[in-house]
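Trainee: I am new to this one, and I would like to go through it with you step by step. Could we start once it is on the screen?

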Amino acid sequence: MQITQGQRLPLSSILQGTNLTLSIAIKSPHVIDYACFGVDAQGKLSDDRYMVFFNQPNSPCSSISLFRGGVFKLDLSTLPETIDRLVFTASIDGPGAMRDIEQSSFAIEQATDTKLAICDFRGKDFAAEKAIMVADLYRKNGEWRLQANLQG
């Protein structure tokens with residue numbers, strides 16, 4: 001399924017269960033750092049252990065794990081109720097801007113190499129931003145949903 005910037009949909013419409021992979025593939029002349037922030041209902045990072053990045057690649061109970069580049073393996077069923085939203089980001093390490101990136105995408109997968117949803121984007125979608133919010137997974141009425149954020 002192809003999705004577009006700003007689109008929201010229930011995860012249950014594209015996958016079964018709560019185990020998935022969210023992969024971000026950015027083609028860039030710059031070094032890109034990827035992170036996931038597990039935030040509470042007020043939009044705050046209330047527990048630093050739920051900030052997953054290259055220097056802290058796993059959350060408690062391995063609910064969120066970061067692998068090679070921008071590949072996040074997730075088990076949403078083991079996240080505490082206090083984590084209301086997962087915000088996946090990409091940032092440039094050093095000089096440069098997101099407008100410099102080439103054709104890129106993020107995808108939701110349930111099994112290896114089976115993309116259930118994909119969202120394409122490129123540098124012309126951005127300006128001088130050094131970091132972008134790529135996608136959000138969030139709870140709404142007890143259900144996990146996906147938002148293709150793609151904002152600086």
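Mentor: Let's begin with a term: helices (H or I, at least four residues) and strands (E, at least two) are DSSP runs, numbered from the N terminus. Bear in mind that this is a predicted model, where local features need pLDDT of at least 70 and side-chain atom pairs count only at pLDDT 80 or more, while totals for chains, interfaces and linings use all residues. Residues are numbered from 1 along each chain as its sequence is written, and side-chain values use heavy atoms, with hydrogens and water left out.

Trainee: Is Thr89 buried or exposed?
Mentor: Buried means under 20% relative accessible area, exposed over 50%, and partly exposed in between (1.4 Å probe, protein chains only). Thr89 has a relative accessible area of 15%. Because that value is under 20%, Thr89 is buried.

Trainee: Which residues is Thr89 in contact with, leaving aside its neighbours within four places in sequence?
Mentor: Contact means heavy atoms within 4.5 Å. With the sequence neighbours set aside, the partners of Thr89 are Ile24, Asp33, Tyr34, Ala35, Phe37, Ile132, Met133 and Val134.

Trainee: Which residues touch the most other members of the largest nonpolar core?
Mentor: A nonpolar core is a set of buried Ala, Val, Leu, Ile, Met, Phe, Trp, Tyr and Cys residues joined through side-chain atoms within 4.5 Å. The largest such core has 41 residues.

Trainee: How many disulfides does a search of the whole structure find?
Mentor: A disulfide is a covalent bond between the sulfur atoms of two cysteines. Here it is taken as a pair of cysteine sulfur atoms within 2.5 Å. For Cys61, the closest cysteine sulfur is in Cys36, 15 Å away and too far for a bond; for Cys119 it is also in Cys36, at 17 Å, again too far. The search finds 0.

Trainee: Which counts as exposed, and which is buried: Cys61 or Cys119?
Mentor: Cys61 lies in the loop between strand 5 and strand 6, and its relative accessibility is 66%. Cys119 has a relative accessible area of 0%. So the exposed one is Cys61, and the buried one is Cys119.

Trainee: What is the phi of Leu150 near?
Mentor: Leu150 is found in strand 12 and counts as buried, at 3% relative accessibility. Its phi is positive, in a residue other than glycine. The value is near 50 degrees.

Trainee: Where is the place of Ser59?
Mentor: Ser59 touches Arg49, Tyr50, Val52 and Ile64, not counting residues up to four places away in sequence. It is buried, with a relative accessible area of 5%. Its place is in the loop between strand 5 (51–52) and strand 6 (64–67).

Trainee: How many salt bridges does the structure hold?
Mentor: A salt bridge is a side-chain nitrogen of Lys or Arg within 4 Å of a carboxyl oxygen of Asp or Glu. One of them joins Asp47 and Arg49, with the closest N and O atoms 2.8 Å apart, and another joins Glu109 and Lys115 at 3.7 Å. The total is 4.

Trainee: How many residues apart in sequence are the parts tied together by Asp136 and Arg85?
Mentor: The side chains of Asp136 and Arg85 meet in a salt bridge of 2.8 Å, N to O. Asp136 lies in strand 11 (residues 131–140) and Arg85 in strand 8, so the pair ties together parts whose separation in sequence is 51 residues.

Trainee: Which side chain of opposite charge is nearest to Arg145?
Mentor: Lys and Arg count as positive and Asp and Glu as negative; His and the chain ends are not counted. Arg145 lies in strand 12 (residues 143–151) and is buried yet has no salt bridge. The nearest side chain of opposite charge is 4.3 Å away, and belongs to Glu143.
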